[in-house]
Amino acid sequence: MEIIAKGAEATIYKTKLFNKEVCIKERNSKKYRHPVLDTKILKTRNKEEAFLLKKIKEIGLFSPYIYSVSNNKIIMEYIKNSKKHKDKLEEIGIEIAKLHNNNIIHGDLNLINILTNNNKVYFIDFGLGYVSLKIEDKATDLLVFKKTLLALKRTEKLWVGIKEGYLKGTNNKNIIKHIENIEKRGRYL
Ligand SMILES: Nc1ncnc2c1ncn2[C@@H]1O[C@H](COP(=O)(O)OP(=O)(O)O)[C@@H](O)[C@H]1O
Ligand SMILES: [Mg+2]
């Protein structure tokens with residue numbers, strides 16, 4: 001099995017099962033946690049992530065197909081990433097708006113948690129995802145993304161593309177306005 005990514009939370013492997021390329025996301029144990037608690041946390045996060053990956057398919061968005069879920073592993077479809085994100089900013093913005101229209105908060109939006117392939121935009125990594133109706137949570141989700149984009153390019157260009165797409169797709173334009181409120185609050189803290 002080939003390791004394609006290794007983070008603090010998980011190791012991602014690529015392999016073949018029944019002649020299909022698959023991805024295995026295996027959550028890592030934390031030595032500093034009590035083993036019983038550790039097993040419980042991994043299981044809960046794994047289940048929640050799998051739930052959201054499946055859920056977003058039900059609302060017509062794209063995520064890898066899930067083959068199986070165990071206590072600490074998700075076996076899913078391998079998505080070949082075209083890495084053409086810069087040409088797809090508006091589409092990505094529209095897709096994030098659809099997530100939020102359905103009250104799903106990604107929790108860790110950044111370009112490496114979004115894969116593009118065959119003109120489709122796939123969301124992955126819902127380890128910090130949750131369901132919420134709150135404008136505050138949706139705006140914070142976008143602000144996290146905005147900050148990663150500014151850190152990447154030091155210009156507003158990428159963010160402006162995402163924002164334009166979001167405004168086209170959203171059922172509540174106040175969410176974008178609310179980002180500024182959060183930013184202002186942060187400045188005076
Ligand atoms: N289904 C998949 N298909 C292709 N690549 C994937 C898939 N899942 C994860 N990856 C790759 O592995 C990386 C890490 O996976 P991710 O779920 O984001 O784990 P982490 O929680 O460690 O960030 C992703 O940025 C992506 O490059
Ligand atoms: Mg990730």
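## Aromatic pairs and a buried lysine

The structure, which is a predicted model, holds 2 aromatic pairs. In one of them, the ring centres of F62 and Y122 lie 5.8 Å apart with the planes at 50°, so this pair is tilted. Because F62 belongs to the loop between α1 (35–58) and β4 (66–69) while Y122 belongs to strand β8 (residues 120–123), the pair ties together parts that are 60 residues apart in sequence. F62 counts as partly exposed, at 32% relative accessibility, whereas Y122 is buried, with a relative accessible area of 7%. Y65 and Y67 form an edge-to-face aromatic pair, with 5.2 Å from centre to centre and 65° between the planes. Y65 is partly exposed, at a relative accessible area of 46%, and Y67 counts as partly exposed at 35% relative accessibility.

The geometry of the pairs is set out below.

| Pair | Centre to centre | Angle between planes | Class |
|---|---|---|---|
| F62 and Y122 | 5.8 Å | 50° | tilted |
| Y65 and Y67 | 5.2 Å | 65° | edge-to-face |

Another aromatic ring, that of Y78, has the charged end of K14 sitting over it, 4.4 Å from the ring centre.

The side chain of K25 makes a polar contact, at 3.2 Å, with the side chain of E49. With neighbours within four places in sequence left aside, the residues in contact with K25 are A10, T11, I12, E49, N72, K73, I74, M76 and D125.

Methods. Residues numbered from 1 in each chain as written. Chains lettered and ligands numbered in written order. Predicted model: local features only at pLDDT ≥ 70, side-chain atom pairs only at ≥ 80, totals over all residues. Heavy atoms only, no water. Polar contact = N/O pair within 3.5 Å; in protein donor to acceptor, adjacent residues only side chain to side chain. Contact = heavy atoms within 4.5 Å. Phe/Tyr/Trp six-rings, centres within 6.5 Å; stacked < 30°, edge-to-face > 60°. Helix = DSSP H or I, 4+ residues; strand = E, 2+ residues; numbered from the N terminus. Buried < 20%, exposed > 50% of the residue type's maximum accessible area, 1.4 Å probe, protein only. Lys NZ or Arg CZ within 6 Å of the ring centre and 35° of its normal.
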